[in-house]
Amino acid sequence: MHGARRFVRAGLGRALLLSMLLVACQSPASRPAPSGTAPSPSGDQPASPNLAARQEFTFNIGAEPPGLDPQYTEWDQAIAVLLSTFDGLLRFDPDLHVRPAIAREDPSLSNGDISADGLTYTFKLRNDVKWSDGKPLTAQDFDYGIRRLFDPDKGSQYASFYFVVAGGEEYFTARGTKDQPKNPSDAELQALRSAIGVKAVDDYTLQIQLKAPRASFLELAALWPMDPIRADVVQQFGDRWIEGGNMVSTGAFKLAEWVHNDHLTLVPNDFYYGDKAKLQKLTLRIVTDSSADYAAYLNGEVDGVRVPLANIQQAQTDDTLRAQLKRAPRLTTYAFQFNNRRAPFDNKLVRQAFSQAVDREVFIQQVQRGVGQAAYSWVPPRMPGYQPDLGRDVNKFDPTAAKRLLADAGYPNGSGLPPISFQYASTGDNPTRAQFLQAQLKDNLGVDLTLEPMETASFSRLVNANQHQFAFVGWGADYPDPDNWLPEIFGTTGGNNHTQYSNPQLDQIMRQAISEPDENRRLQLWNQAQAGIVQDVPMIFLVYTETFILMKPYVQGLVLTGMDGTALPGRHFTNQLYISQ
């Protein structure tokens, strides 16, 4: 699961947001308040001439990125860094339309770069792109990156997004599963890798062969798992190629420093082919204390902040802070996620009882302080496939019905339920959300819930391994299409299906939707699939979120999109940020 996009464990896509709403306090990477200014209770410090001249921007991404390898990245904090340091074939514009990046133009039927049968995509590359160490980029770098995405020994959570690429699924699944392992020889693995449908026709032409049409393939080609990778750098440094000083990249910034569990430093890529970064230094701090981060903002130590739940009212009523408030809808949904294969959540009646015991409107008002919108289904507003009334029947708040459902499941008044633990990343406002859930289940269902806060990396490993019982997660859009929201999260073989939910009938409908060329019919199929998923209650859909941040008035060029994660607002366009006088 931002996503980016994937889980908001963030895309995301995305991020998986696995609810790392993380924030900052002072660290060795922090910056003193601008000279000649005193800290203000309302955070109204102007930029000093020195600060404007230095062009430095500091923000807290909140959590240590589990890694920065594009093919194997799924968490929001890592995606935020990759979107600043890597360009791929295509990119999204502020309106979330696909535009050329390293490709000279979008492939289409009209320009002949998409074959008539929709199976062959030809990307003609710019010939002026260089890596951050000055070496020219070639189509072979994309070829290498795409093939390693399907490496069966790496287990990319995003590989299944790209199973439409001919041969990709066969290579990725070459070792079988835990229950049905396979033991291919090295020669067989190499043959499978060679058979993947990607080819560097020449230095500036890349061709990709699909096994079936995919309406969203250009959106997939704009995501980080298809970023180019330098084989010689990976071979030289191994897994440490992603460290500061080792990594080479293609974006407006490059990674200068990664002090683990403290901060990352990005600086301009002198060889970047596009619009140069205006900032000379982008410091991304790694701190989990939201109240300390907020205090750091008021003291001028950081340039922007995600507003903690406890301070939302102040941000909206203080005259100075209200002028610095940036608020925008985000294509992100948060949920309390069941593990559908672990008792008691292998019983749909239990899942529905828990869902109807949670008052989402109270959550929005009391916990979220009015930020966001109650969610009764998965696909969020402003997305194709959003159905405003979907789920209001099966997920409506109704404690009486919830108790009856629990009794029908064999657990009257909760009697006989196995111990239930709720896992979450112990960062930011997550403890408040967990305590709300605990109180709701106790008050409305008579169920005792044990809270299990976890360090972020441990939490991500637990969920990725499907070892959680009940967890707080989220998903942010990698691209604005229902096929980014449904098959990968709820399909039986979806790479981000950590609910372990399975409905073969709906799998078939989703397979039809993925390949359906008619847009109206495609959306009908997605709507049908989501309706079936919602009726099965694989999660407690909770809230559709929004960006709610404060940004200093001297920070200019911020471009917010619905696909921003929690880690770094404006993450698609950091090269446009600058500090004004």
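What we have is a predicted model, where local features need pLDDT of at least 70, side-chain atom pairs count only at pLDDT 80 or more, and totals for chains, interfaces and linings use all residues. Residues are numbered from 1 along each chain as its sequence is written, and side-chain values use heavy atoms, with hydrogens and water left out.

Let's start with the inside. A nonpolar core here is a set of buried Ala, Val, Leu, Ile, Met, Phe, Trp, Tyr and Cys residues joined through side-chain atoms within 4.5 Å, and buried means under 20% relative accessible area, with a 1.4 Å probe and protein chains only. The largest such core has 167 residues, and F123, F354 and F470 touch the most other members. Which strand gives the most to this core? That is strand 18, residues 539-551, with 10 residues; strands are DSSP runs of E, at least two residues, and helices are runs of H or I, at least four, numbered from the N terminus. There is also a second, separate core of 7 residues, including L462 and V463.

Now to T250, in the loop between helix 7 (231-237) and strand 9 (253-259). T250 is buried, at 0% relative accessible area. Its side chain reaches the backbone oxygen of D87 at 2.8 Å.

Finally, F573 sits in the loop between strand 19 (555-556) and strand 20 (578-579). Is F573 buried or exposed? It counts as buried, because its relative accessibility is 8%. From F573 to Q55 is 518 residues in sequence and 16 Å in space, C-alpha to C-alpha.

Technical notes
Buried < 20%, exposed > 50% of the residue type's maximum accessible area, 1.4 Å probe, protein only. Polar contact = N/O pair within 3.5 Å; in protein donor to acceptor, adjacent residues only side chain to side chain.
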